Amino acid sequence: MREENFNSAKEDVAAIKAHLEKGEFVEAADRFKGIKDLIDGSMAPGPGDGSTSNLSYELSTRITNGLLQQARENAADPNLANPLAQSVRKAEKAREVNPNNAEINKRVAQYKDWEKAWNEVIGKQAPEIKRLVDQGYIKTATERFGHIQTGINQERLPPRHKDPQMVALEELLRQKRL
């Protein structure tokens with residue numbers, strides 16, 4: 001029966017591997033979830049030395065690692081719209097592939113916390129700092145901006161050093177201090 005299941009999933013396995021090669025980890029995860037039960041316990045040929053590996057474990061590991069790497073990169077990418085929402089989505093997708101992994105669950109929680117905190121920074125703190133600059137309270141504005149930078153450096157906030165709003169605010173402060 002296991003051989004039958006594996007044979008029925010061969011096309012999907014090939015498609016998953018193609019998605020992985022292209023860096024399409026969300027697509028690979030979606031396909032993997034559909035065949036995981038069919039390939040559990042199936043062994044795949046190793047790197048030509050006669051060894052074998054657990055195909056389900058190998059694919060889930062590659063998918064999960066790719067999703068988590070993309071989630072981290074998305075969190076810092078200044079060119080993405082809603083980068084933290086994308087990070088949360090990819091971390092949650094990794095959790096779907098590996099639901100009992102404590103590290104993945106920790107990352108999902110971290111990205112959700114970061115998203116909430118960053119929305120507070122952009123929605124409330126950054127406008128307040130700009131208002132302080134406009135009113136001439138440069139020292140206070142600089143201190144509050146420094147608190148945000150410290151939060152980023154201490155990973156209480158996401159790695160958004162290059163966020164367009166933060167860069168613009170930093171440049172405004174620099175100009176006012178001259």
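What you have here is a predicted model, so local features need a pLDDT of at least 70 and side-chain atom pairs count only at pLDDT 80 or more, while totals for chains, interfaces and linings use all residues. Residues are numbered from 1 along each chain as its sequence is written, and side-chain values use heavy atoms, with hydrogens and water left out. The chain has eight helices and two strands, and 36% of its 178 residues count as buried.

**Fold and surface**

- Going from the N terminus, the elements run α-α-α-β-β-α-α-α-α-α; helices (H or I, at least four residues) and strands (E, at least two) are DSSP runs, numbered from the N terminus.
- Burial goes by relative accessible area: buried means under 20%, exposed means over 50%, and partly exposed is in between (1.4 Å probe, protein chains only).
- Among contacts with a separation of 6 or more, 58% come from residues 24 or more positions apart; a contact means heavy atoms within 4.5 Å.
- The chain exposes about 10400 Å², with carbon and sulfur atoms supplying 48% of that. Accessible areas come from the Shrake-Rupley method with a 1.4 Å probe, and for residues only the protein chains shown count as cover.

**Confidence**

- The chain averages a pLDDT of 89, and 89% of the residues score at least 70; pLDDT is the predictor's confidence in each residue, from 0 to 100.

**Salt bridges**

- A search of the whole structure turns up 17 salt bridges, each being a side-chain nitrogen of Lys or Arg within 4 Å of a carboxyl oxygen of Asp or Glu.
- Asp12 pairs with Arg31, with the closest N and O atoms 3.0 Å apart. Asp12 sits in helix α2 (residues 10-21) and Arg31 in helix α3 (residues 25-39), so this pair ties together parts that are 19 residues apart in sequence. Asp12 is partly exposed at 22% relative accessibility, and Arg31 is partly exposed at 34%.
- Asp30 and Lys33 also form a salt bridge, at 3.7 Å from N to O. Both lie in helix α3, three residues apart, about one turn of the helix. Asp30 counts as partly exposed at 37% relative accessibility, and Lys33 is partly exposed with a relative accessible area of 37%.
- In helix α6 (residues 102-134), Lys106 and Glu103 are three residues apart, about one turn of the helix. Their salt bridge has its closest N and O atoms 3.9 Å apart. Lys106 is exposed at 55% relative accessibility, whereas Glu103 is partly exposed at 36%.
- Salt bridges that share partners join Asp30, Lys33, Lys93 and Glu96 into one network.

**Largest pocket**

- The largest pocket has a volume of about 170 Å³. Grid points are joined across faces, edges and corners, and a volume is the space filled by probe spheres set on the points.
- On a 1 Å grid over the protein atoms alone, a pocket is an open set of points where a 1.4 Å probe fits, with protein on both sides within 12 Å along at least five of seven lines; lining residues have an atom within 4 Å of a point.
- The lining of the largest pocket is made up of Leu80, Asn82, Pro83, Leu84, Ala85, Glu115, Trp118, Asn119, Ile122, Arg160 and Asp163.
- Helices α5 (83-97) and α6 each supply at least two residues of that lining, and α6 gives the most, with four residues.

**Single residues to look at**

- Most residues other than glycine have a negative phi.
- Asn82 has a positive phi of about 50 degrees although it is not a glycine. Asn82 lies in the loop between α4 (55-76) and α5, and counts as exposed at 58% relative accessibility.
- Glu155 is not a glycine either, and its phi is positive, near 65 degrees. Glu155 is in the loop between α7 and α8 (164-177), and is partly exposed with a relative accessible area of 43%.
- Ala15 sits in helix α2 and is buried, with a relative accessible area of 17%. Ala15 and Glu27 are twelve residues apart in sequence and 9.5 Å apart in space, C-alpha to C-alpha.
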